[in-house]
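Me: I am new to this structure and would like to go through it step by step. Could you show it to me before I start asking?

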Amino acid sequence: MRASQTVDPAGSPTTANSITIDELELKFPNGFVGLKSTKLHVTGGQFCTLLGPSGSGKTTLLRALAGLIAPTRGRILIGDTDVTALPVQARNIGFVFQNYALFPHMNVAENIAYPLKLHNWSAADREARVKEILDLIELPRAGEHTVGQLSGGQQQRVAIGRALAYRPSLLLLDEPMGALDRRLRQQLGADLRELQQRTGITAVYVTHDQEEAFILSDKIAVMSQGEILQYSTPSDLYSRPRSRFVARFLGEANLIDVQSMQDNTALTAYGPVSLSSQTAERGKATSPALLVRPEDILFNPGRTADAALAQPLKVKICRTLFLGSRCLVTVLAPDDSEILVECNKSDVPKAGDDVSITWDRAATVLLDS
Ligand SMILES: Nc1ncnc2c1ncn2[C@@H]1O[C@H](COP(=O)(O)OP(=O)(O)O)[C@@H](O)[C@H]1O
Ligand SMILES: [Mg+2]
């Protein structure tokens, strides 16, 4: 693969490195398998997020990439170089952790210069690079500040700047915004994305927050129990998940078990659901299910040729959750299962009302597992 050429505005041109993880397996000394055979390719210059619940193996994969723990099997390539056997220092990676405290006894400039000092940069080169980094993280006048004078978000910007100072070939971030409140996370997230795009560095970011992953990423690897279940763009993962797990993890999901398939029709507890022929073609899985997102369900629909259900389903309104810009309504289906429907806050039905629902054929996703 050809490496993409980008320019670090705070320095010389850098070559964005790709990452290839090939059949990587990692067993801890106690026998626990932290990573099952894992494959992943991150294009140079892209922002890739490892997304999954706590304990799914995100940090383990990131630490293996950094060289902090050794895999039992498989290979890691940065660009064309096999780094599997290389020690941490030889991999040239910038690392930012959730609680990666800056050195409190050093000021901001000294913190950023620290890795450069370790690499024997001259005092003049260090000074010039620190100035570039301070500009890059938009704290141009904070060099002389003590760490304690900075907000939590500013401290993490300095930590990111410090990680970038030595011009690493990769930037790895493990829940770097976990300790910050929601507003700060959004701001720092936007800053981080901008910084990554401006420097063109390849980034791998760990989070359990689906919204954060959507905002930041070119691609997301959804992890569960030491495995990558699906790897794709945010919009593709949301609209075409392959499994119940991914469908649920990426947003509100109505999952409907499929009893059997007949041509372009899935037989379910709600009656026959007709699928687009493209969708039905994939229905050869052992335990398929249908996914319908709440925003795709319509209340009291008029007749449409594209409806997934032959007859609208009669349901009763259970309760409504007000979410600010929208409402999430829970309705009870004839088989007593609950269905989530998103609606506009101006036309929210009342609890106890009888209504009917349907959705478009094109909005039905067939899941393999
Ligand atoms: N050194 C270790 N020895 C044994 N098990 C470990 C070790 N480190 C992590 N684990 C286990 O591996 C699993 C994945 O951990 P981790 O990668 O930290 O998850 P995540 O970052 O997704 O929350 C967890 O069940 C954790 O308990
Ligand atoms: Mg972790």
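Me: Which residues does Phe249 touch, leaving aside those up to four places away in sequence?

Reply: This is a predicted model. In it, Phe249 touches Leu51, Gly52, Pro53, His208 and Gln210, when residues up to four places away in sequence are not counted.

Me: How many residues along the chain lie between Phe249 and Gln210, and what separates their C-alpha atoms?

Reply: Phe249 and Gln210 are 39 residues apart along the chain, and their C-alpha atoms are separated by 7.3 Å.

Me: Which helix holds Phe249?

Reply: Phe249 belongs to helix H8, which covers residues 244-249.

Me: And is Phe249 buried, exposed or partly exposed?

Reply: Phe249 has a relative accessibility of 21%, so it counts as partly exposed. The cut-off for buried is under 20%.

Me: Let us change topic. How is the chain divided into domains?

Reply: There are two ranges: domain 1 spans 4-239 and domain 2 spans 252-367. The C-alpha centres of these two domains lie 40 Å apart.

Me: Now the sheets. What is the strand order in the open sheet of four strands?

Reply: The order is S4-S3-S6-S7, and the pairing is antiparallel. Strand S4 (33-42) and strand S7 (81-82) are at the edges with a single partner strand each, so one side of each has no neighbour in the sheet.

Me: How many bridges join S3 to S6?

Reply: Five bridges join strand S3 (residues 19-27) to strand S6 (residues 73-78), and the two run antiparallel. As one example of facing residues, Thr20 stands opposite Leu77 in S6.

Me: Which strands of that sheet does helix H1 touch?

Reply: Helix H1, residues 58-66, packs on the sheet and touches S3, S4 and S6. The direction of H1 makes about 115° with that of S3.

Me: Moving on to S22, why is it described as largely enclosed?

Reply: Strand S22 covers residues 354-359, and five of its six residues are buried, so the rest of the structure largely encloses it.

Me: How many bridges join S22 to S18, and how many to S19?

Reply: Strand S18 (residues 297-299) is joined to S22 by three bridges, and the two run antiparallel. Strand S19 (residues 313-322) is joined to S22 by four bridges, also antiparallel.

Me: Which residues of S22 face Leu298 and Lys316?

Reply: Leu298 stands opposite Thr358 in S22. For Lys316, the bridge partner in S22 is Asp354.

Methods. Residues are numbered from 1 along each chain as its sequence is written. Chains are lettered from A and ligands numbered from 1 in the order in which they are written. This is a predicted model: local features need pLDDT of at least 70, side-chain atom pairs count only at pLDDT 80 or more; totals for chains, interfaces and linings use all residues. Side-chain values use heavy atoms; hydrogens and water are left out. Buried means under 20% relative accessible area, exposed over 50%, partly exposed in between (1.4 Å probe, protein chains only). Two strands pair if DSSP finds at least two bridges between them. Contact means heavy atoms within 4.5 Å. Axes are lines fitted to C-alpha atoms, for helices over the stretch in contact, and angles run from 0 to 180 degrees between N-to-C directions. Domain bounds come from an automatic or database domain assignment.
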